[in-house]
Amino acid sequence: IMKNISQVTNRHIDELYEEFGWPLYKSYGHAYDAFKLSLTDGGKVFENLEIAEATMKALDRNIKLRLMPQPMKIRCDFEATCFGYEGVDAIKAALIAGEKMGTEDLAVKSRLIAPPLYVMTTVSSDKEAGIEVLNQAKDKIAECLEGASGKLTVKMEPKVVGEREDKQLLSLMERLEKQNIETSGDDDN
């Protein structure tokens with residue numbers, strides 16, 4: 001970060017360390033710790049330091065670019081069944097109620113993979129908050145289904161998924177789609 005700011009502002013790196021680097025080391029143990037803290041405290045870390053405006057802009061931009069937590073995809077797989085009178089309508093209503101458990105920052109989305117398998121996802125930079133919102137949504141879906149004589153069976157508890165899991169899900173969806181395609185031998189004749 002210090003090297004990049006030095007290049008962007010055309011200032012020698014030693015000047016930057018004297019201006020704010022060493023004071024941050026003295027106050028926070030390491031400048032990196034101060035930079036991480038500045039993401040959550042609104043820049044109060046730098047209040048007692050006299051940093052040039054152009055340098056501060058470059059520093060702020062650089063910290064946000066390099067240290068901002070990356071959003072994670074969190075997923076929960078489950079089977080939803082309802083053999084009661086309401087059937088499919090009860091499952092739809094339960095999924096909608098589950099999606100409403102999401103917030104503006106943590107939107108919950110549900111998708112049908114193949115009956116009765118569904119996947120519910122959210123994207124969050126806070127792992128615990130994302131898992132918690134999916135657990136709440138899962139519980140809400142289960143509650144709604146139980147009220148209509150239905151059942152929710154969790155296949156995968158809410159967890160952070162990566163590219164590998166997404167590829168596995170896509171290949172499963174493609175395989176199930178191929179199995180559902182009607183072929184010339186499927187008719188009654």
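Tutor: Let us begin with terms: helices (H or I, at least four residues) and strands (E, at least two) are DSSP runs, numbered from the N terminus, and two strands pair if DSSP finds at least two bridges between them. This is a predicted model, in which local features need pLDDT of at least 70 and side-chain atom pairs count only at pLDDT 80 or more, while totals for chains, interfaces and linings use all residues. Residues are numbered from 1 along each chain as its sequence is written, and side-chain values use heavy atoms, with hydrogens and water left out.

Student: Okay, in what order do the strands sit in the sheet?

Tutor: The order is 2-3-1-4, and these four strands make an open sheet with antiparallel pairing. Strand 2 (109-114) and strand 4 (150-161) each have a single partner strand and stand at the edges, so one side of each has no neighbour in the sheet. From one strand to the next, the twist averages 25°, where axes are lines fitted to C-alpha atoms, for helices over the stretch in contact, and angles run from 0 to 180 degrees between N-to-C directions.

Student: How many bridges join strand 1 to strand 4?

Tutor: There are nine between strand 1 (residues 72-82) and strand 4, and the two run antiparallel. Within this pairing, F78 is opposite V154, and A80 is opposite L152.

Student: And which helix packs on the sheet at about 45° to strand 2?

Tutor: That is helix 7 (residues 163-180), which touches strand 1, strand 2, strand 3 and strand 4; contact here means heavy atoms within 4.5 Å.

Student: What about strand 1 and strand 3, how many bridges there?

Tutor: Eight bridges join them, and they too run antiparallel; one of the pairs is K73 with V123 in strand 3.

Student: Switching topic: where is the kink in helix 2?

Tutor: The kink, of about 45°, is at E19, shortly before the proline P23; the bend at a residue is the angle between axes fitted to the seven residues ending there and the seven starting there. Helix 2 (residues 13-28) spans only 20 Å between its end C-alpha atoms, whereas a straight helix of 16 residues would span 22 Å at 1.5 Å a residue, the expected span being 1.5 Å times one less than the number of residues.

Student: Which residues of helix 2 are buried?

Tutor: They are L16, Y17, E19, F20, G21 and L24, with buried meaning under 20% relative accessible area, exposed over 50%, and partly exposed in between (1.4 Å probe, protein chains only). The buried residues of helix 2 pack against helix 1 (2-9), helix 3 (31-41) and helix 4.

Student: Is N62 buried or exposed?

Tutor: N62, which lies in helix 4 (residues 53-67), counts as buried because its relative accessibility is 5%. Not counting residues up to four places away in sequence, N62 touches I1, N4 and I5.

Student: Last one: where does S125 lie?

Tutor: S125 is in the loop between strand 3 and helix 6 (127-147), and at 42% relative accessibility it counts as partly exposed. Leaving aside neighbours within four places in sequence, S125 is in contact with P69, Q70, P71 and M72.
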